[in-house]
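I opened this entry to record what I looked up in the complex. The notes begin with an annotation and then turn to the contacts between chains.

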Amino acid sequence: MMDGFDWTQLLDFALMAMLLAVGIAIVRLRNLFAAVMLMGVYSLLSAAWFVTLDAVDVAFTEAAVGAGISTVLMLGAMLLTAREAEPVKAGRHWAALVVVLATGAALFYAIGDMPAYGDPNSPANAYVGLDYLIRTPQEIAVPNVVTAVLASYRGFDTLGETVVIFAAGLGVMLLLGLGGRKPRRDTEEEDEA
Amino acid sequence: MTGMEILRLVLDAASIGMMATGMVFVLAGALGVLRLPDFFTRMHAAGVTDTLGAELIIFGLILQSGFTLLSAKLLLVGFILFLTSPTATHAVANAAHRAGQKPLLSRHHPAHPRDRVEQGGE
Amino acid sequence: MFWVNLAAALCMSVAMALMLARLFAGPSLYDRVLAANSFGTKTVLLLLIFSLLTGRPDGVDIALLYALINFIATIAILKFFRYRSLEIALAQMSLRRAIGGEDDE
């Protein structure tokens with residue numbers, strides 16, 4: 001490689017530029033169908049970006065949930081309402097901009113306090129993280145330490161998350177009217193098995 | 001051994017050739033979807049070049065990675081794309097046709113003077 | 001081989017950006033469905049090339065997952081727009097299956 005420049009960063013830049021373009025388009029488009037498809041595309045780009053950041057497990061979840069299910073469910077919800085968003089008053093635009101800028105400034109200020117990327121002495125990596133890294137090959141012997149943490153060492157956490165996702169899925173299904181109601185057309189009612 | 005080196009060289013050259021061809025197809029298809037005038041013409045661009053370019057690129061990647069589990073997974077992805085990409089193309093075209101999308105039959109209005117039907121006199 | 005993979009990944013990014021332009025601009029919704037499906041396929045290819053570029057074979061699993069989800073989501077969206085509601089779509093499908101085993105026409 002020439003003079004140490006990491007050329008795969010060009011890919012990161014391209015993905016982030018596309019994320020920015022899609023974000024701006026979601027805000028500016030009034031056709032709701034286009035906005036829903038673009039949100040699915042945003043989730044997909046985020047999943048690809050997570051892969052470039054080496055967070056493969058998060059990318060899995062984002063691709064399956066964000067880019068697939070979320071898009072379809074939001075389309076189902078959109079079909080129950082109108083096809084075009086109503087225009088927002090100008091006062092709301094400025095208020096939203098102020099809130100976003102203030103939050104962004106606070107987050108950027110907080111980044112200065114965070115440890116360096118991959119620092120072995122940071123609090124996340126030094127105490128329990130190191131312990132898991134040492135114990136996983138001996139006790140569990142799977143090659144992926146994240147899987148060992150999620151499924152074994154913090155298994156109750158995963159159980160709680162599964163219950164939450166199940167409850168959310170049930171709620172969405174009930175709201176959208178899935179699962180068990182007869183079709184509305186009287187002429188086509190047959191007795192189903 | 002020179003035998004293995006020659007094999008490696010041939011595989012690398014084949015892989016580079018396939019990936020280059022695949023990239024040309026994918027870029028041509030993407031440009032076509034952007035620039036062609038009508039929905040059904042864009043369908044041609046996206047449907048044909050997506051499948052072909054994807055299969056060429058995946059085959060080039062398989063040649064790069066030798067005889068491992070990675071190649072088996074790449075082969076599986078290639079097979080899935082080979083089956084689902086044309087099906088999705090057909091589904092979108094069918095849905096658009098049923099919904100009443102009409103193809104754009106003539107881009108130039110009026111027709112060429114040579115083809116214009118005579119109105120009733122010379 | 002690294003430079004070929006990198007060039008392929010950058011070409012994929014350019015193709016994805018062109019598809020995004022069609023997603024922003026498409027006058028009808030079928031243009032947008034086409035562009036989204038194609039964008040998903042190109043992202044799958046980008047993930048595959050990236051896995052071989054960096055030597056981490058985990059991206060191939062995600063590409064496999066998303067290749068399937070892309071197809072299912074496209075068909076689901078088209079079925080929505082045919083039947084105009086989620087409930088009617090599912091009810092129609094189960095009704096037709098119960099009557100004759102014929103798929104919808």
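I first consulted UniProt, where an unreviewed entry places the feature "transmembrane region" at residues 6-25, 34-53 and 59-81 of chain C. Its positions are in the numbering used here, feature names are shortened, and annotations may be inferred rather than shown by experiment.

The model is predicted: local features need pLDDT of at least 70, side-chain atom pairs count only at pLDDT 80 or more, and totals for chains, interfaces and linings use all residues. Residues are numbered from 1 along each chain as its sequence is written, and chains are lettered from A and ligands numbered from 1 in the order in which they are written.

I checked confidence next. Chain C has a mean pLDDT (the predictor's confidence in each residue, from 0 to 100) of 85, and 87% of its residues reach 70 or more. For the complex, the predictor gives an ipTM of 0.82 and a pTM of 0.82.

Residues 34-53 of chain C are 100% helix and 0% strand, with end C-alpha atoms 28 Å apart. Residues 59-81 of chain C are likewise 100% helix and 0% strand, and there the end C-alpha atoms are 33 Å apart.

Lastly, I looked up contacts (C-beta atoms, placed from the backbone, within 7 Å). I found 36 residues of chain B in contact with 37 residues of chain C. α3(B) gives the most to that side of chain B, with 14 residues. I also noted that 41 residues of chain A are in contact with 42 residues of chain C. The largest share of that side of chain A, 12 residues, comes from α3(A).

Technical notes
Helices (H or I, at least four residues) and strands (E, at least two) are DSSP runs, numbered from the N terminus. Two residues are in contact if their C-beta atoms, placed from the backbone, lie within 7 Å.
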